[in-house]
Amino acid sequence: MPTVLMTAPYMIPCLERFKPTFDKYGIQLIVPEVSERMEEADLLKYAGQFDSAICGDDRYTARVLEACAPRLKVISKWGTGIDSIDSAAASRLDVRVARTPNAFTTPVADTVLGYLLAFVRRGPWMDAAMKRGEWEKIPGKTLGECTLGVIGVGNIGKAVTRRARAFGMKVLGNDIVEIDHVFISESGIHMTNLDALLSDSDFVSVNCDLNPTSHHLINAGTLAKMKPSAVVINTARGPIVDEPALVAALQAGQIAGAALDVFENEPLPHDSPMLKMDNVLLAPHNANSSPAAWERVHWNTIRNLLEGLGIVD
């Protein structure tokens, strides 16, 4: 009878709905209290007690994986990104890692467009002024007057591009892999190098994976290449942006603003200077929010687990 460590925070509140499926296959669950994620020390407390795991952004480091081996056979990630799992250690220890590709493309792309519209039409700022008793007509622009730079033209980057093009934006793209020429010709995106993208864009949307090539990709050097009127949007992974460098650029007026759904440390520390900046829009890692997307990921995560355990084909 396999035992599963269930730590996916989006699944735990509705676990009763899935319990009949786990019961059907004789699966026992260990369900700790989880707020955002399980850190290395949290996971080590359960080492050797489970055969597989359903996780969120838990820190499955090499140390954790080694402590859980050889019993641990499968980690089924709720969602797409597996940067919190040491994939090399998992491979070495014969631990299968599964995920749901393309899980949150639609809600994340919509979130990016929401930020673009907020900044060009100045909605949040006019609302705040009105509620302070001010009647201030803050000048705005249309998206069609702006250029968007998309860093990472994968599923989400492509979806962002399609939406931006529908609003008449010029879109520049950059990726470390070659992008399908059919998408380029159909969408009208202009693929270019990172320096050109940064210097020519009014908005820079970070949509790449977190990996060794993208860690702190947005840093003091790259921020210095951007327009003083430009805005950075990050809905990908927090560590892609060097937060102290971003704060410094914002404070110096080197760039005009930022919109962040993800952070280097989550939850965002209460002493973060960004919490007091009125040119920054913040959200609590919630760009994936979508009932339809969540439901698909719930069931695919369970299926990945069952396949990994050899219970279903």
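**Exercise 1: A residue and its core**

Task. In this predicted model, determine which residues Met226 touches, leaving aside residues up to four places away in sequence. Then place Met226 in its nonpolar core.

Solution. Step one is to list the contacts: Met226 touches Leu198, Val204, Val231, Val232, Gln254 and Ile255, when residues up to four places away in sequence are not counted.

Step two is to identify the core. The largest nonpolar core has 30 residues, and Met226 is among those touching the most other members, together with Ile151, Leu223, Leu246, Leu250, Ile255 and Met274. At least two residues of this core come from each of helix H9 (194–200), strand E9 (203–206), helix H11 (243–251) and strand E11 (257–260). The greatest contribution is that of H11, with five residues.

**Exercise 2: The sheet**

Task. State the strand order of the open sheet of seven strands, and find which strands form its edges.

Solution. First, read the order, which is E8-E7-E6-E9-E10-E11-E12, with parallel pairing.

Second, consider the ends. Strand E8 (190–191) and strand E12 (280–282) are the edge strands, since each pairs on one side only.

Third, examine individual pairs. E11 and E12 are joined in the parallel sense over three bridges, and Ala258 is opposite Val280 in E12. Between E6 and E7 there are five bridges, also in the parallel sense; Thr147 has Lys170 in E7 as its bridge partner.

**Exercise 3: Cover for a strand**

Solution. Next, turn to the helix.

**Exercise 4: Two packed helices**

Task. Decide whether H1 and H12 are roughly parallel or roughly antiparallel.

Solution. Two packed helices are described by the angle between their axes and the distance between the axes. For helix H1 (residues 15–24) and helix H12 (residues 291–308), the angle is about 20° and the axes are 12 Å apart. Angles under 35 degrees count as roughly parallel. H1 and H12 are therefore roughly parallel to each other.

To complete the description, H1 passes H12 in a right-handed crossing. At the contact, Arg17, Phe18, Thr21 and Phe22 in H1 meet Glu295, His298, Trp299, Ile302 and Leu305 in H12.

Conventions. Residues are numbered from 1 along each chain as its sequence is written. This is a predicted model: local features need pLDDT of at least 70, side-chain atom pairs count only at pLDDT 80 or more; totals for chains, interfaces and linings use all residues. Side-chain values use heavy atoms; hydrogens and water are left out. A nonpolar core is a set of buried Ala, Val, Leu, Ile, Met, Phe, Trp, Tyr and Cys residues joined through side-chain atoms within 4.5 Å. Buried means under 20% relative accessible area, exposed over 50%, partly exposed in between (1.4 Å probe, protein chains only). Helices (H or I, at least four residues) and strands (E, at least two) are DSSP runs, numbered from the N terminus. Contact means heavy atoms within 4.5 Å. Two strands pair if DSSP finds at least two bridges between them. Axes are lines fitted to C-alpha atoms, for helices over the stretch in contact, and angles run from 0 to 180 degrees between N-to-C directions. Angles under 35 degrees count as roughly parallel, over 145 as roughly antiparallel, 65 to 115 as roughly perpendicular and the rest as oblique. A crossing is left-handed if the near helix is turned anticlockwise from the far one by less than a right angle, and right-handed if clockwise.
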